[in-house]
Amino acid sequence: MPLKAPKIAPSARMRLLTGAEAAAHAMRQINPDVVSVYPITPQTPIIQTFAKFVADGETDTEIINVESEHSAMSAAVGAAQAGARTMTATASQGLALMIEIVYIAASMRLPIVMAVGNRALSGPINIHCDHADSMLARDSGMVQILTENAQEAYDLMVMAPRLAEHPEVMLPVLVSQDGFTITHSAEPVSLLPDEEVRRFVGDYRIPYPLLAGEVVTQGPFAMPDYYFEIKAQQVRAMRAAAQVFDELSEAYQACSGRRYQAVEGYRLDDADRALILMGSSAGTAKEVVDELRAKGEKVGLAQVRLFRPFPAAALREMLTGVGAVAVLDRALSFGGTAPLFAEVAAGLFGQTVSLSSQVYGLGGRELFPEQIAAVFHDLESTEGLEQPRFIGLRG
Amino acid sequence: MRELKSSHQLPIGGAVLARSAEPPHTGGWRVGEKPRIQLDSCVNCMLCWIYCPDNAIKIKDEALWGFDYDYCKGCGICQEVCPTGAIKMIAEDLALPPFGRIGGEADAA
């Protein structure tokens, strides 16, 4: 079925940008103090574009070129501790190499913003999109946002520093976009004026910066008598992030006209069947929903943008009355349930709804509209639904 | 025993601020034995002071004063290096004058 143009209101500031370029423009407008980064496909065009802005004097950011992603994240931790507004960017193996320090950044409550171009994890080595890299960071303590297109990649990147730096949050925030599908595809993107972004993002101040004169030990050793309490602080921060995200969405709508919910319901009113998914495939799936709705089928979808903290309550409310739900994961958990399905199943525990786990798109495999339509048809009967399915797998 | 703080009372991320930090009394890790000094046998050679890995030998007026039990971990190195046998490791639960000084002013007082 033919795909329609993105539903974005035209504007004088509309630019033709890839998702990577859109994220780089957001970074330019935010003007972070420090960006420590190591290139990796498909993230490279983010830092490449941003580095050009820096070289051209459009921002006064200090870019730290490092020898690995482990070092990139370590340098980001140091910069953030010193009181600098800090960003980094990575993908796939790069995020895997960062992950040790990501946990530490989250525990030390450093509001580092990380742009990610989602890419499958090795092995086998692959450069294309799936969400295995984001899911690897699932339990790290980072706030995680998955975007649908270049416009969202820009908008959520602009929102990210305020979310990360909110006094009740103070957590690293990952804003991801599907590798190649978004990072390398040009779309019309509406940019806010530079001064509007700077005003929205505001000034940054961490509670205990190293260079502020206060003598402080950051990230101290914690024995069994205190480790648990530090983790409890992170639990509370993550809970606060859900509330702050909603408030920020409202504030962002006021200046951009665009509203981003943690989970967005699409034509769910009176729906008897629904899909839940994240990332660029949500755009394709909305087209399919429109086609099926035009034929009188009561279908809808829920697009999860905020994977951490997971908006379970909003999802539960949104799906009230829906009889059958398929959760489309772009990642696996071997020997267990796929990550998004596990969240949804826990969130809908006790509800009378049939659930189906379907995994798609690993290593960049395409997900076609016909396949999404087939998932909706799977949901017409509960027979065999309990068995996880793999979309587009050759047996 | 210090009162443990709740997660709400701790600074964000567990940061330790100098203005509110309490000294980490690692002497609490000592198990079994503690040192004492017989002052009339001490020749103030300061070998114990040099060798103590925890900086737990206290000096006063250029003379050995005694032990800081808040930081002594009971390793016994001071007893090993003492050339006169003035320092001896004794059972932890035996009562001692302050700073483990035997035959000194504190004892007399």
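The legends below describe close-up views of a predicted model. Local features need pLDDT of at least 70 and side-chain atom pairs count only at pLDDT 80 or more, while totals for chains, interfaces and linings use all residues. Residues are numbered from 1 along each chain as its sequence is written, and chains are lettered from A in the order in which they are written.

**View 1. Contacts between chain A and chain B.** In this interface, 19 residues of chain A are in contact with 12 residues of chain B (contact: C-beta atoms, placed from the backbone, within 7 Å). The chain B side has 8 nonpolar, 4 polar and no charged residues (nonpolar: Ala, Val, Leu, Ile, Met, Phe, Trp, Tyr, Cys and Pro; charged: Asp, Glu, Lys and Arg; polar: the others, Gly among them).

View 2. Strand E9 (residues 216-217) of chain A pairs with strand E1 (residues 16-17) of chain B in the antiparallel sense, over 2 bridges (pairing: at least two bridges found by DSSP; strands: DSSP runs of E, at least two residues, and helices: runs of H or I, at least four, both numbered from the N terminus). Opposite Thr217(A) stands Val16(B).

**View 3. Cis peptide bonds at Gly123(A).** One cis bond joins Ser122(A) and Gly123(A), with omega about 0°. Another joins Gly123(A) and Pro124(A), also with omega about 0°. Gly123(A) lies in the loop between strand E5 (113-118) and helix H5 (132-136) of chain A.

**View 4. Positive phi at Met170(A).** Met170(A), not a glycine, has phi near 50°. Its place is the loop between helix H6 (150-165) and strand E7 (173-178) of chain A. Met170(A) is buried, with 23 other C-beta atoms within 10 Å (buried: 20 or more such atoms within 10 Å; exposed: 12 or fewer; partly exposed: in between; C-beta atoms placed from the backbone).

Note on methods:
Contact = placed C-beta atoms within 7 Å.
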